[in-house]
Structures are given as structure tokens and as C-alpha cells.
Amino acid sequence: PYKINIGDPSDEGFRGLFDILAPRLGVEVRPGAVDHLVKTHYQATGRPFRCCQPRDLLLQIRNRASYDDVPAVATPESFDLACENYFAVM
């Protein structure tokens with residue numbers, strides 16, 4: 001119900017959100033996974049960073065892992081699947 005203007009995070013801030021949120025959400029982030037995410041799904045597409053996206057993408061990974069009954073691990077492949085679903089246009 002509140003409107004608070006929060007600007008888009010910098011590259012460093014965006015990456016830092018994964019460091020903060022992944023342990024809280026129970027997702028292991030493999031080395032290089034966030035680099036792949038940024039390079040493939042943001043830099044290559046011109047997509048801006050949003051503060052909610054690290055949380056949302058990690059939840060996509062966690063929920064899929066829960067459904068598949070496997071550990072929640074953020075890898076380049078799991079980020080690809082999360083982005084495919086999260087950024088889908090209906």
C-alpha cells in the first residue's frame with residue numbers, strides 16, 4: 001500500500017542482492033552463475049536491473065527445485081529456466 005521510489009540498482013548492487021538473498025531463501029549460488037545471468041539476460045538484451053528481480057529469480061529456482069524434489073542451486077542453466085519463465089510474454 002506504500003509508494004516508495006527506489007531507483008534501479010547498479011551492477012554491483014544487483015549482484016550484492018544475490019549475496020544477501022540466496023542464503024535467506026535457501027538457494028546455493030554456484031560460482032559464475034550470476035555472471036552468466038547478467039551477461040546473458042541483462043547486458044545482451046538491454047534489460048535494466050530491478051531490485052525485486054534477484055529475489056524473484058531465486059524464488060523461481062527454489063520453487064522449481066522444490067517441485068522436482070532436488071536441492072535449490074542457482075546455476076547458469078537454472079537461471080536460464082527462471083528467466084524464460086519470469087520474463088515470458090503472454
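In which loop does Asp69 lie? In this predicted model, Asp69 is placed in the loop between H3 and strand S2 (73-74). Its backbone has a positive phi of about 55 degrees, although Asp69 is not a glycine, and the residue is exposed, with a relative accessible area of 71%.

The largest nonpolar core comprises 21 residues, and those with the most contacts inside it are Phe14, Phe18, Val27, Leu37, Leu57, Leu58 and Phe79. Two or more residues are given to this core by each of helix H1 (11-25), helix H2 (33-43), helix H3 (53-68) and helix H4 (76-86). In soluble globular proteins, nonpolar side chains tend to be buried together. When neighbours within four places in sequence are left aside, Leu37 is in contact with Phe14, Phe18, Tyr42, Leu57, Phe79 and Cys83.

Helix H2, to which Leu37 belongs, contains the buried residues Ala33, Val34, Leu37, Val38, His41 and Tyr42. These residues lie on the same side of H2, because the arc that they cover around the axis is only 130 degrees. On the other side of H2, by contrast, Lys39 and Gln43 are exposed. The cover over the buried residues of H2 includes H1, strand S1 (28-29), H3, S2 and H4. In the loop between S1 and H2 is found Pro31, which counts as exposed at 78% relative accessibility. Although Pro31 and Ala74 are 43 residues apart in sequence, the distance between them in space is 9.1 Å, C-alpha to C-alpha.

Polar side chains also occur at buried positions. Asp56, in helix H3, counts as buried at 16% relative accessibility, and its side chain is joined to that of Tyr86 by a polar contact of 2.5 Å. The side chain of Asp56 also meets that of Arg55 in a salt bridge (2.8 Å, N to O), in which Arg55 counts as partly exposed at 38% relative accessibility, whereas Asp56 is buried. In helix H4, Ser78 is likewise buried, with a relative accessible area of 15%, and the side chain of Ser78 reaches the backbone oxygen of Val73 at 3.1 Å. Not counting residues up to four places away in sequence, Ser78 touches Ile61 and Val73.

The count of salt bridges comes to six. One of them is formed by Arg15 with Asp35, with the closest N and O atoms 2.4 Å apart. Since Arg15 lies in helix H1 and Asp35 in helix H2, this pair ties together parts that are 20 residues apart in sequence. Both partners are partly exposed, Arg15 with a relative accessible area of 24% and Asp35 with one of 41%. Asp11, Arg15 and Asp35 are linked in a network of salt bridges. A further salt bridge connects Asp68 with Arg64, the closest N and O atoms being 3.8 Å apart; because these two residues are four residues apart in helix H3, Asp68 and Arg64 are separated by about one helical turn. Asp68 counts as partly exposed at 40% relative accessibility, and Arg64 is partly exposed as well, with a relative accessible area of 47%.

A search of the whole structure for disulfides finds zero. For Cys52, the closest cysteine sulfur is that of Cys51, at 7.6 Å, which is too far for a bond, since a disulfide would require the two sulfur atoms to be within 2.5 Å. For Cys83, the closest cysteine sulfur is that of Cys52, at 12 Å, again too far for a bond.

How values were computed
Residues numbered from 1 in each chain as written. Predicted model: local features only at pLDDT ≥ 70, side-chain atom pairs only at ≥ 80, totals over all residues. Heavy atoms only, no water. Core = buried A, V, L, I, M, F, W, Y, C linked by side-chain atoms within 4.5 Å. Buried < 20%, exposed > 50% of the residue type's maximum accessible area, 1.4 Å probe, protein only. Contact = heavy atoms within 4.5 Å. Polar contact = N/O pair within 3.5 Å; in protein donor to acceptor, adjacent residues only side chain to side chain. Arc of directions from axis to C-beta. Salt bridge = Lys/Arg side-chain N within 4 Å of Asp/Glu carboxyl O.
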